[in-house]
Each structure stands twice: as structure tokens, then as C-alpha cells.
Amino acid sequence: MAQRVVKPKTNLGPGFWPITALIVVVSAIMIYFTATSPWPVGLIPAGEPAPATDSLFRFLGCVAAFIFNVVVIYTIYFGIVFRRPKDAPPHHIGVQIHDAPVLEFWWTVIPTILIIILAIFSVKIWDDLQNTQGDVLTVEAIGYQFGFQFRYPKLANVVSGELHLPVNTPTTVQITSRDVIHGFWLPEFRVKADMVPGLITTIRITPLQTGTFRIVCSEFCGVAHGAMHGTVVVQSQADFAKWFKAQGATGTSATGGAAGAAVAVSSGSASAGQALFQSKCTACHSTGEFSQKIVGPGLGHIFNDPAHPKLVNGAAPTPANVAKLIHDGYTGDIGTMPSATVNAINNTDIANLTAYLVSLSKK
Amino acid sequence: MATLAPGVKTGPYHAVLDHIHPEPTSFIRRYIFSIDAKVIGIQYMITGGLFFLIAGLLAEIIRAQLMSPTGAVVTPATYNAIYSMHGSAMVWMVIIPLVSGAFGNFVMPLQIGARDVAFPWLNLAAFWMFPVAGIILFSSFLVGAPDAGWTEYPPISLQGPPGTSLWCIAIFLVGVSSTLTGINFAVTMLKMRAPGMTFTRMPLFVWAQLATSPLLFVATTALGAALAALFIERTFGVPFYDPAHGGSPVLWQHMFWFYSHPAVYIMILPVFGIISEVLPTFSKKPIFGYKMVAFSTVSIALLGFTVWAHHMFTSGMVPWLQLPFMILTMLIAIPTGVKIFSWMATLWGGSIDWKTPMLFATAFLITFTCGGLTGFFLAAVPADYHEHGSYFVVAHFHYVLYGGSVMGLFAGFYYWWPKITGKMYNETLGQLHFWITFIAFNGTFMPMHWLGLMGMPRRVAIYDPQYTFWNQFASISSFILALSMLIFLYNMLIWTFRHGKPAGPNPWGGRTLEWMISSPPPYYNYKKIPAVLAAPYDFGNPLPYIGLDAAPGAVEATPTAESHPVPTH
């Protein structure tokens, strides 16, 4: 252990400081171009959250460029200047240094600080994404083998393949799948979410320019996975309104139309409803939060869940509309609920079930 | 008689293996169903090497297919089977068996001064599960190979062809094999080190194996459970994962990645160990910061258990849960950075002999750093929302697994080949292999970074024509990469045996135990268990590394056919 003593300051190797200067200069140039790049991933930012994500990419790129230069340039430099001399005796050995605690301290602490900064930056952007305003327009995206379908709450019909969005409109996309897992990737928006059957995932985007952009399936979904594409058509507000109207907007579905008139909702008994719920509904529905899905969503807060202000058929969550839904059943892309006839329940039963659901939401 | 340095404990050596059996005379007992860890290690090398060639050919079919945006070679259905089998085989049948089974079995007992592993018969059983599993896996091509990727996410894998069930069986079996290997290795390293080999004198390859073994027997069990459930659901329809019947597809993802993220460290930690052997030996310097390198290995192994869900940022899990997984993932960069810097500092001031293993080990520093840096891009959740499921991920894990594990394995092969065969390989061919591999590797996988960032998803048999140029660039590079393997095979398997000079016990001037005995090592490694007198890689230390007569109570091994005596502890 006698060889532990070295004087690194006096003998770092020939050309150490010029090489260090080279690393600084090369890194500065790379950082300059990365930090000022308008398209750091080579794609235009067509809408939120792309600008925020791009700023994270720029920061990551700068840090990565610096570390890359340090590792690669020093490694090659050490490899050249410390190569074994041609005429070295057989037992020629290197500088017998075992460690340098000060150096090790700094090369642990400096990366740690970089990581903390990066983590804070990432968390901040993550937080922005979670709290972005959506909800001015809500669209449901449903993946299937092998394509995308879109439903608009105020449209009766389903739009296939093309997602039309008005520019500058905060939009919530609720994502699910009808069969297997797909990926809903908007490269020009730098965002994606898996389309998982039985699960609804939400992303929020705001288109910033008009145009046609790609939707790419990013989770393997079967034999034609590579061919599974869709299109986002971002239009001006006026064009979007025109398109929307041409699609046959009902404009009234927010009220859900008339409820099942024969059901006397107010006369229901919650306790009778609870027993009925156990026998008829629990195979598919829990009484917990919306997200506690079995086949359908949890119904614990069907009347007062701010995240899900509408029923599956687009109607407002009033007792009358819920009763109508139980009466009519529901068939759609995310599943099927049998009608009252199939379930063998009469209007009194529906009233009791509705009363029970109302009592749940009050808890 | 030399003595152990004052204050050094004698280590955990037990006298159990002073009693040895004679070398078997039957060929089958000696080389086929052998209990000699060195033979088993070579068997792992041969089997894993064969599977590497098959899985590599599958990779070349993938790249050939992607020469054209409409798919040049096979139908999409066949393509899906090919890339799924490529990934499954490379992970389970090539890299994991090679890094732990092959090098762990051959090198680790030698380096700790043991005559064999703790449970030789268990070792034999663990090995033979591996080729059986490999044959089951590849035979799935006969009935319809699994086609949903090596991750086999349900529900798509529930609809997969019959071969998917064979896939479950094969991976389960190879999982049992690596679980047994992990237990065997852990006991060997904890209980059978030579006298004087304290924890701080263990070679770093041994440290790496020690940190890996709990990953093998803890994480693999989760995979086994997940595979059993997938098999049961496919066969008997019990709904674990199918949401249409109340299952949860995300459950599979959690259980799969609870194994498969630690599996990344199973594949890379032993390679870290190889690098930590090669760099000091060819720089003729002690490894820089021995304790920090060892400690960082252990901390990476521990942290590796806590980050699995970073593969699932877009899977629809609760959003807040993404943050702890992101931060824990980023923390892994700290011990990894310590390692990279320590290796660089090992080069500094060295007397670097640029032999082939050293070239591969140094290239590993560069390519693995690239893989680590892109890991950062993937760990940052908002960036991952863009990158997940794209070719950027493919680029990242090939930089880690090819630029990391395979580069390190090449370094290990060139480094220990003289020890294994007793003969030297051809240095010129080795360096030629290195340069072609290094350049072609970067040509193959570098373009995938920007292909992914620009919107190309992974696992596609056809793609948007705007990506044609860089795909063709990657494909042609990959063909060159495949050709470079021929140089390697010729050099190691033909040239070495025909023309190689005798290597002698220590061709590289190494200062760990395996270089203290003849090449190839004798049947029971050490006739007398040596006593370790100093730290490894301490090239400037005038004291000898080992004393052959120093172990207190070291008994010369005498072959006997009697039954085992009761071990005394």
C-alpha cells in the first residue's frame, strides 16, 4: 500500500488541460445547438404538450451531450497517452493509485446534483401535464384491431380513423380499447397512452396549428400492428363547427332525451335496491370509484363524479337518465349492458336500483 | 510457510472439499453429465453460443425485412413470430445463461479458490434444464411461434398461437434453472472462499456475481408465477389477465417487469464484473476505487428491484405513482456513474496494453454510457410519453444489451479463452473483429434513436416510407455485424486450436486466483486450497498474491472413492 501517494495536480498526463478545454468547447457548441433547436426530436410541435416536452428534451440533450463528451473524449485520450510503451519492460506497471476520495466525492455529488435538477424539471413538466386544462372538448378514443374510432359526446355516430379537433381548444381524450392493448401515440404532440381494454386513460392536448398529423399505434396489437394508423385533423374553429354539424350533431344529447317515463324513480327503496344490486349488477359493477372496474365502471359516485360528468350514453347523470339506462341497456364500443328485459327486472326494481345508487353517491 | 497478514481472518473456508472424488474416467460422466463447474460453464458457453447464432439469424431476418417499407422478406405474421423469438431467445437463452451460467461457473469458483460450486449436482440439474428449455422454445416454430413480443402482454398473448404456451413452459424452465444457479452461486461465494479471501479481497467479478445471485432467485420467482398464470389462463381459461372476464392486463405487466427489470441487471452486473477484471489487468493498475465499485454493484442490484414500473408509464397506472418510479430510476444513474468514472480513472496513468479484451472493455465504456444516457431520456416521464414503444427504446436497450452485455461478453471470451483452452487466440483477427463489430454495431443501432424520436413505432413489419433510408442503413450495418461474428468464430474455434501457442498459466499478467494455476485448470482446480495474502489487481505490491501452503489446516486433496465424511464446521 506504499504506492497510494500520488500528486495528481502535477502529473495529470501530457495534454490533460488542453483536452479538458476541448471537452468544454465541444460541449458548449453541442449544448448551444441543442438548447436553441426548434425541433429537438425532429418533429414539429403541433400542439400541447409538445412545447413543454421539447424543453425537457433540450435539457436532457444538453446534459447527455456534456456527459457523453466527458466519458468518450477522456477515455480515448487516456487510451492514447497511457498506452504501453513499445520498449516497456515485461513488468512495466501503471501508476499504483487505489483511490482518491476527494475526486470520488465530487464525481458522486455533481451527478447527484444534476439528477436532482433533472428530476425537479421532469416533475414540474409532469405536473403541468397532469393539471393542463382539457375538458373544453372531450373526445373518446377507442382502439380496435386495427384502427381507431372516436366518439364525441354530442354526436350520435362514431367517427372512424380521423380525429377532428378545433385548433387552440383544450381537449381531453379518454382512451380505451375494445379488444387488446393498443397504443395511442400522437408523435407531433409528444404524447401517448396505452389503450387498455377495461381501463379508461385520459390525456389532455391542445392543438396549436391546423393541419393533418399522425396517430400511431405504439403497442403491439396483432398481425397488422404496423398498418394501424389514424389521422388527427386540426381545423379552424369554423371548419370544425362545419364538420361537426355535417356529422349530425344532436346538440341535445346532454339532456339525454326523455327518461323512462314509466319508471317512478322517486318511489324507489334503497335497501331493496341494494339486495337487487348484489344479485343483478355486481358481476360487472363495483360500488367503488369509477376506476374500480370489473367489466363496467364502479358506480359509487355515478351522480357526483366530477371526472365523469356524463353517463356512458352522453346523458347527464340524473336519476331519470340512470333509470332509462338501466331500462334500455347499453351497447357500445366499450361493452354491453343487458336491458331490463334481459335482466328480468321490472320498473319497480329499476326505481329501487336507482334509489340505491343515489344513496351511494350521497356517502 | 507463508502466513496470512496479521489481522486477516482466515475467511469462511470449510474443510468439506478437502475430500474429493477421483476424476471420472467415463466420457459421459466427465464431459456430458459432468459435475465439474468448469465443464458446466463450457457447456453453457456452447449451448448459449448456439442459441446466440440462431437468435442472431432471426435478427438478420428482422433487418432484412425492414430493408423495404412494405416488408421485404416475410409476411407480417411470420415477422411477428421472428422478432418475438429473437427477443425471448436473446434474453433468456443467450445473455442470462452466458453471463451467469457460463462465466459464473467457469471463473467464479476459480477466483474464490474453490474446487467447485457448493452444490455440484444442483449445478448439473440447472444446466440441463437450459438446453431442454431452449429446444422447447425453438420448437414452438413448429406449432406457431409466439408473436406478441418477448413481453407477451395479454390480452394479445392470450389469443396467440399454440407456441405461446410452449414459450411459457420454456421460460418457466429456464427460470427454474437460473433460480437454482443463483442459490448455488450465493452459497458458494459466501461459504467457500479460500482462506484470506475476505470480502474486500474478492475480485470484482465475484462481487458482481454475488450481487446478481439474489436477483436470480428473488425476481425470477415473480416471473414464474406470472408465466404459470398465463399458461393456466391460456389452457384452462381461468381469467387472470383477460379484462373481458374480470382479469387485469396490467397485472401481467407489473409481474413481468418486477422480474424483467432486475433481469436487466442480471444481464449487466456480471458484465460489469468482467470489465472490472479486464481494465486493471491490461492497465496494470489496481481498479480505481475498489470499495466504491463493489458497493455500487450492490446498490444497483438493490435499486434494480424498485424501478420496474418505469416500463409502464403509459400503461394507465395511477399518475402519481409514476413519480417515485421516475426518481428511483434516476437514482440508479449515481452508482452507475461512479462505476463509469472509476473505470475511466483506472485507465488514467496506466500502462495500457491494447489487446482485444481491452479494446472490447473500453468500447463497452463508450457504448454502455450511450445506453445509460438514453436511459435518462426514458426515465423522465414526460419524455417517455413520447418515446415509449418507439424505436428509441429499441436503440436504448440494444446499446445496453449489445453495447453493454455482448461487448462485455466478447471481452470476457477473449480474456479467459486462453485460460479455458490453454491456447492463445489470434490477436490480429481479434482486433479486426473488434473494429468491425464496434463500427457496425453503432451503424446498426444509432439510427434507431432518431427513427424512434421521429415517430417510428417498434415491432412493425412495415413502416412509413419516410424512414426508409435509415432503416436500410441500419440493416446493411447489421449484415456487416453478422459477418464479423464469422471472424470471431473462426478465431476462437478453429485458429486457436490449430495454431494457438500455449498460453501458460498467466498470459495477461493478471493478479487474481484463476491466473495462478495452469491453463486449462486441472480437474479439481486447486490441489491445495491457496491462501490469499493480498488484494486483487495490486500490481505494485511486492508481496505475492497467494501462498499455496499458507491456509491453516489446508489439506492436500486426495482422491477417494469413499462416501463423504460428515462435514465439520
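Predicted model: local features only at pLDDT ≥ 70, side-chain atom pairs only at ≥ 80, totals over all residues.
Trainee: Which residue of strand 3 of chain A is the bridge partner of Ile142(A)?
Mentor: Strand 2 (residues 137-144) and strand 3 (residues 147-151) of chain A pair in the antiparallel sense over five bridges. They form a hairpin with two residues between them. In strand 3, the partner of Ile142(A) is Gln149(A).

Trainee: How many residues of chain B are in contact with chain A?
Mentor: On the side of chain A, 75 residues take part. Helix 2 (50-81), helix 3 (101-130), strand 7 (182-186), strand 8 (191-195) and strand 10 (211-216) of chain A each supply at least two residues of that side. By class, the side of chain A that touches chain B holds 21 polar, nine charged and 45 nonpolar residues. On the side of chain B, the number in contact is 72.

Trainee: What percentage of the residues in chain A is buried?
Mentor: The secondary structure of chain A comprises eight helices and 13 strands. Among contacts in chain A with a separation of 6 or more, 68% join residues 24 or more positions apart. Of the 363 residues in chain A, the buried share is 36%.

Trainee: Why is chain B described as being as compact as a globular protein of its length?
Mentor: Chain B has 14 helices and four strands. For 569 residues the globule rule gives 25 Å, and chain B is close to that value, so it is as compact as a globular protein of that length; its radius of gyration is 24 Å.

Trainee: How far apart are the end C-alpha atoms of helix 4 of chain B?
Mentor: Helix 4 of chain B has 24 residues, residues 120-143. At 1.5 Å a residue the helix should span 34 Å. The distance between its end C-alpha atoms agrees with that, at 36 Å.

Trainee: Which helices of chain B do the buried residues of helix 4 pack against?
Mentor: The buried residues of helix 4 of chain B include Phe127(B), Phe130(B), Leu137(B) and Phe138(B). After this helix comes Gly144(B), with a positive phi near 110°. The packing partners of the buried residues, in chain B, are helix 2 (37-65), helix 3 (76-112) and helix 5 (163-191).

Key: Residues numbered from 1 in each chain as written. Chains lettered and ligands numbered in written order. Contact = placed C-beta atoms within 7 Å. Nonpolar A, V, L, I, M, F, W, Y, C, P; charged D, E, K, R; others polar. Expected span 1.5 Å × (residues − 1). Buried ≥ 20, exposed ≤ 12 C-beta atoms within 10 Å, placed from the backbone. Rg over C-alpha atoms; globule rule 2.2 N^0.38 Å. Pairing = 2+ DSSP bridges.
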